[in-house]
Amino acid sequence: MSGPSVSRRDLLSVGVAIGSTAALGSGADARSYAGKMPWIPGEANAPEPITAGPFQFLTPDEATFLDAAVARLIPADDLGPGAKEAGVTTFLDRQLAGPFGKGSRWYMQGPWKKGESTQGYQSRLSPAELYRAAIKDIDAHCNEKFSGKKFSQLTADQQDQILKDLEQGHLKLKDSEGKTFFTVFLQNTIEGFFSDPIYGGNRDMVGWKLIGFPGARYDYRPYVKQHGKKLNLPPVGLKGRPGWNPNT
Amino acid sequence: MARKLPAVDVVLVGFGWTAAILGQELTDAGLNVVALERGGWRDTSTDFGVTFAQDELRYYWRRALFEEPARETLTFRNDQSQTALPMRHLGSFLPATGVGGAGIHWNGQNWRFLPSDFVAKSHNTQRYGSLPDGMTIQDWGVTYEELEPYYDRFEYICGISGKAGNLNGKIQAGGNPFEGPRKREYPNPPMEMAYAPTLFAQAATETGHVPFPCPSANMSRAYTNPLGVTLGPCTYCGFCEKFGCGNYSKSSPQTTILPVLMRKKNFELRTECEVLSVKHDMAAKRATGVIYVDTQGEEWEQPAEIVVLCAFAQHNPWLMMLSGIGQRYNPQTGEGTLGKNYAYQIVSSVDVFFDDKIMNPFVGAGALGIGVDEYNGDNFDHAGLGFIGGGYLACWQTNGRPIETHPVPKGTPKWGAKWKQAVAKNYLTTATIATHGAVMSHRGNYLDLDPTYHDVHGRPLLRLTFDYTDNEHKMSDYLTDRAAEIAKAMKPREFHAKKREGHYSIVPYQTTHNTGGAIMGTDPKSSVVNRYLQTWDLHNLFVMGSCVFPQNPGYNPTGTVGALTYWAADAIKNKYLKNPGALVQA
């Protein structure tokens, strides 16, 4: 430590006198760190994989709707499995059951106004509430328009038309905003297709295999200068990959 | 009633880059320093270790490292005719919560501003005559030449990888010929270059530009900084911006300063402590300390001889407003300074699609790229163009994280079979050229307090009123057109220029380069802090960060934030402590 140009006592004497309030000990209920690097061996704030088992948020009807809808957003085709096969409905269920669904990080205090598109999300519904209301509304709309059928019972073309109408804000729903729902739903579907398999989607890393993303690798130094070369690195998830474990 | 704690010499509000620098410098000067951070302790192996850092959903899309709007946010509107509404979740920009601040999750694109950027008003009026109506740009009150040693200091603490373009006035082959003169080379050589930036460099050269490797806070090799802290070589993992680095390869407070600072006896960090206001004695022209709240809701008064606001950009002027310090800016009269000249960045891009060139976008790093600087600042003649300022063009290869990065050609549907085919076809074979434009300050762009909405502590939210003006749109369109010319010279199958059109939107991510609100300058009538970042009103209250920028030049702000912090630390140590009082006479 270099020599101080002025002592602490000198500096303190410059200002107003410090009150005689009894010292309370620093930090109170906060965490105080001094004199060393905080360090707890073996500690890591690792991610929490989803737990297996039945749906935690979705009703059977909602799951049926989402299976059908995600299969239109990212369909199975010659290139490989789509969002449904990738487990995106399971992904959405666990997301909606958790902090994301509750909007626990979001500012959710009123007053509520529609606002301009540049002002972003202004619905009073949390994501979970939005899904619940919108799925109910869309199925009710289908029921009315297609003589008693639910969204999942329509033809692929009919389903695509409903989704397009939602996307473009042409489909007016009863208790929810269709375009807002579509925007959140499409984003979440892409998340479920491409996020790490520990979250329930991207099953067998089918999203990553589709495009050639090698996943949760952490060292590409040997490949930086391999300009233009197709690397064909098999994808790896945060929990490895099946080939690493002879029992799976 | 807040309970009063024993006094300390210095209290730092927030604990990101600027507080880490000041903590280190001021404890070196023998002062007792306490830092108050609203978030928790974070470190590499525990919070973003190599076995789990590469988690796109958790860290970016679920915002693990960022501030929570549920606790604090701001309200936003494009202009005064609208009602500002809360930013209910993050989008356009990503402030942090927790030790290290946004210095944890930045890309590491570490630039110096141009010498002319610091005298933007006098330089541009001298060359081009009067400024457009409503433009409120100012000179900074500090020059590039004065800041050069402090830029150098920050670059060597960080271990920036790059190639000098101007050493002591001599232009250097391979570097940026437009940069201000630097006294010595970068501490580390440029990074190894990926394919897409290499193709961009060839096309830029063919079209008459001088491309150079962008200065990077991702290590091109192992590096030990002047404090004795060692960083590891970057592994090009492609999880940089929006993520913590698991490899100790990206400069951050944790990887450059904290291992030294945290061990000092005259330094204390308190986390989970949120500062609510600055206490002051206006008659004595002094701040007397801060009031903060802990996680139990208990309020504490921390008296201090020096108070430094080191929170994220707009949080500093907000805290001053909440504390009744300074004169709030009035956009009708132009009077007042606090909240004045909020600015941002205007960015656009050109996607460049190939059939046969495999880019492997996942081999990336936050500041891995090639830039050209012909169209930045006043590096080109603006006569007849109808705008001032500019920005750099760069082909970065930052990431191939697929939720975020799956480029598709123009006209592709946003979902369905055609979308899927286009994503699969183009993922490996697309390059992107980014433009990174300045935002000049404008009379109608400012910060004040919202009349309706409150944060978790019941404080009025900050209200942001901001839109791009003609100057920004014309300038950004000009940059995008130049980027498209280089894209064409790359001989792609097709390219898609994505201009920034219409009003500013708080929704899509753009950059976390928020500036202004507590601007620096030469005169208390037109600035909140003087050239040493000392407030004009209270001589022992200093304000750090990009909130002091009078307008926002066409580069990423962190390099200048770091340089200004070292410059202010030097003034506190060598001027203020010897004679506490106003360092500049009003």
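Two residues are taken to be in contact if their C-beta atoms, placed from the backbone, lie within 7 Å. Helices (H or I, at least four residues) and strands (E, at least two) are DSSP runs, numbered from the N terminus. The model is predicted, and local features need pLDDT of at least 70, side-chain atom pairs count only at pLDDT 80 or more, and totals for chains, interfaces and linings use all residues. Residues are numbered from 1 along each chain as its sequence is written, while chains are lettered from A and ligands numbered from 1 in the order in which they are written.

Helix α6 of chain A covers residues 156-167. Its twelve residues reach 16 Å from the first C-alpha to the last, close to the 16 Å expected at 1.5 Å a residue (the expected span is 1.5 Å times one less than the number of residues). The buried residues of α6(A) are Ile162(A), Leu163(A) and Leu166(A). Here a residue is buried if 20 or more other C-beta atoms lie within 10 Å of its own, exposed if 12 or fewer, and partly exposed in between, with C-beta atoms placed from the backbone. Seen down the axis of α6(A), these buried residues fall within an arc of 95°, so they line one face of the helix; the arc is that of the directions from the helix axis to the C-beta atoms. They pack against α2, α5 (127-145) and α7 of chain A. After α6(A) comes Gly169(A), with a positive phi near 75°.

Several loops of chain A have backbone features of their own. Ser147(A) lies in the loop between α5 and α6 of chain A, and its phi is positive, about 40°, although Ser147(A) is not a glycine. With 7 C-beta neighbours inside 10 Å, Ser147(A) counts as exposed. Asp204(A), in the loop between α7 and α8 of chain A, is a residue other than glycine with a positive phi, near 60°. Asp204(A) is partly exposed, with 17 other C-beta atoms within 10 Å. In the loop between α4 (99-102) and α5 of chain A is Pro111(A), joined to Gly110(A) by a cis peptide bond with omega about 0°.

Between the two chains, 87 residues of chain A are in contact with 99 residues of chain B. On the side of chain A that touches chain B, the elements giving two or more residues are α1 (8-14), β1 (31-34), α2 (60-73), α7 (178-194) and α8 (206-211) of chain A. By class, this side has 45 nonpolar, 23 polar and 19 charged residues; Ala, Val, Leu, Ile, Met, Phe, Trp, Tyr, Cys and Pro count as nonpolar, Asp, Glu, Lys and Arg as charged, and the others, Gly among them, as polar. Strand pairing also links the chains: β1(A) and strand β11 (residues 267-271) of chain B run antiparallel and are joined by four bridges. Two strands pair if DSSP finds at least two bridges between them. Tyr33(A) stands opposite Leu269(B) in β11(B).

Within chain B, four strands form an open sheet of mixed pairing, in the order β5-β4-β20-β19. β5 (85-86) and β19 of chain B stand at the edges, each with a single partner strand, so one side of each is left without a neighbour in the sheet. Strand β4 (residues 74-77) of chain B runs parallel to β20(B), with four bridges joining them, and Thr75(B) stands opposite Arg463(B) in β20(B).

Helix α9 (residues 315-322) of chain B is mostly covered, with seven of its eight residues buried. The buried residues are His315(B), Asn316(B), Pro317(B), Trp318(B), Leu319(B), Met320(B) and Met321(B). Their cover includes β2 (8-13), β12 (274-281), β14 (299-309), β19 (446-454), β20 (460-465) and β22 (541-543) of chain B. Gly324(B), which follows α9(B), has a positive phi near 70°.

The largest nonpolar core has 238 residues, a core being a set of buried Ala, Val, Leu, Ile, Met, Phe, Trp, Tyr and Cys residues joined through C-beta atoms within 7 Å. Those with the most contacts inside this core are Leu12(B), Val13(B), Phe200(B) and Val308(B). Helix α12 (residues 558-576) of chain B gives the largest share of the core, nine residues.
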